[in-house]
Amino acid sequence: MGAMKAARDRAQMAKSAGDDHLALLQEAASQIASTAGGSLQISKFSLGYSGSNVSSTEISGILTSLNVQDAWNEISIIARRCGAGSMPLKPAYDQAMRLRHEAAHKPDANIQPLDLQEFCSQAMAIALGFDIVASRAAKLIRDGDQDILLGKIKVSQNCTIRFLDAETRGYVERREHAGRAVKVTKEEDAALVAAVANATRAGEPLVRRDPSSLPVQWLITDGS
């Protein structure tokens, strides 16, 4: 029902813009109809399209549809393991939403630059955690993993992360919890190429971190 409503709203916008709104509706309808049998398709309008903004409840709902248990905690766990802070991320997201609404609708709103800067870091952590959790959950479902189909696993526990860290000695590739580095390379491009190849072979997400050990970029390999 949510997908149908969202598709209708988007079709209205497409029609107003002079785009092909009927094709949009037909594609969404065929994907919704696939839930009756055959090869299941998930309409993009099913996930995060209920309004102009995406609430924290919708984010957890997207992951819950992939059988992720305790979604926001899973996001926070992955972000923490990547060095993106230790605080729970759902309250940070909700606070940012409140600040956004205040700035948009109250003429006397006084949002401090420090608040915006802090949320930029938190947004990176949320996106990182969400991407890794969602991608791994989707892979496990695609592979027919019985535990996730029955909702019996924590996705974060099914994922080992590979890092590429910028240090004084060069670019250090290491696997999570490993005592020794996989490789140390002086040249950044060469280090990244090697790390991507190794992460892809191992089926591990790759997270590149700056000299302060903060994540700045990541690559998902679950589709490889």
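## A first residue and the basis of the model

With a relative accessibility of 24%, Asn-67 counts as partly exposed, a class that falls between buried (under 20% relative accessible area) and exposed (over 50%), judged with a 1.4 Å probe and protein chains only. Asn-67 is placed in the loop between H3 and helix H4 (71-81), where helices (H or I, at least four residues) and strands (E, at least two) are DSSP runs numbered from the N terminus.

This is a predicted model, in which local features need pLDDT of at least 70 and side-chain atom pairs count only at pLDDT 80 or more, while totals for chains, interfaces and linings use all residues. Residues are numbered from 1 along each chain as its sequence is written, and side-chain values use heavy atoms, with hydrogens and water left out.

## Overall build

The chain contains eight helices and five strands, and in sequence order these follow the pattern α-α-α-α-α-α-α-β-β-β-α-β-β. Taken along the principal axes, the box filled by the C-alpha atoms is roughly 55 × 55 × 35 Å. The chain has 224 residues, of which 34% count as buried.

Most residues other than glycine have a negative phi. Ser-213 belongs to the loop between S4 and strand S5 (215-219), and its relative accessibility of 37% makes it count as partly exposed.

## A buried and an exposed loop residue

Residues in loops can be followed at two further positions. Val-155 sits in the loop between helix H7 (146-149) and strand S1 (162-167), and with a relative accessible area of 1% Val-155 is buried. Between Val-155 and Asn-198 there are 43 residues in sequence and 22 Å in space, taken from C-alpha to C-alpha.

Ile-42, in turn, is in the loop between helix H2 (21-33) and helix H3 (56-64). Its relative accessibility is 56%, so Ile-42 counts as exposed.

## Pocket linings

A pocket is an open set of points on a 1 Å grid over the protein atoms alone, where a 1.4 Å probe fits and protein lies on both sides within 12 Å along at least five of seven lines; lining residues have an atom within 4 Å of a point. The lining of the largest pocket is made of Ala-84, Gly-85, Met-87, Leu-89, Glu-118, Cys-120, Ser-121, Gln-122, Met-124, Ala-125, Leu-214 and Pro-215. Helix H6 (residues 113-142) contributes the most to this lining, with six residues.

Side chains of opposite charge can pair when their charged atoms come close. A salt bridge is counted here when a side-chain nitrogen of Lys or Arg is within 4 Å of a carboxyl oxygen of Asp or Glu, and by this rule the count comes to 15.

Asp-165 takes part in a salt bridge with Arg-174, in which the closest N and O atoms are 2.6 Å apart. The side chain of Asp-165 also meets that of Arg-209 in a salt bridge, at 2.7 Å from N to O. Because Arg-209 lies in strand S4 (residues 206-209) and Asp-165 in strand S1, this pair ties together parts that are 44 residues apart in sequence. Arg-209 and Asp-165 are both buried, and for Asp-165 the relative accessible area is 4%. A network of salt bridges links Asp-165, Glu-167, Arg-169, Arg-174 and Arg-209.

## A further link between distant parts

Arg-175 and Glu-204 form another salt bridge, with 2.4 Å between the closest N and O atoms. This pair joins distant parts of the chain, since Arg-175 is in strand S2 (residues 170-175) and Glu-204 is in the loop between helix H8 (188-202) and S4, 29 residues apart.
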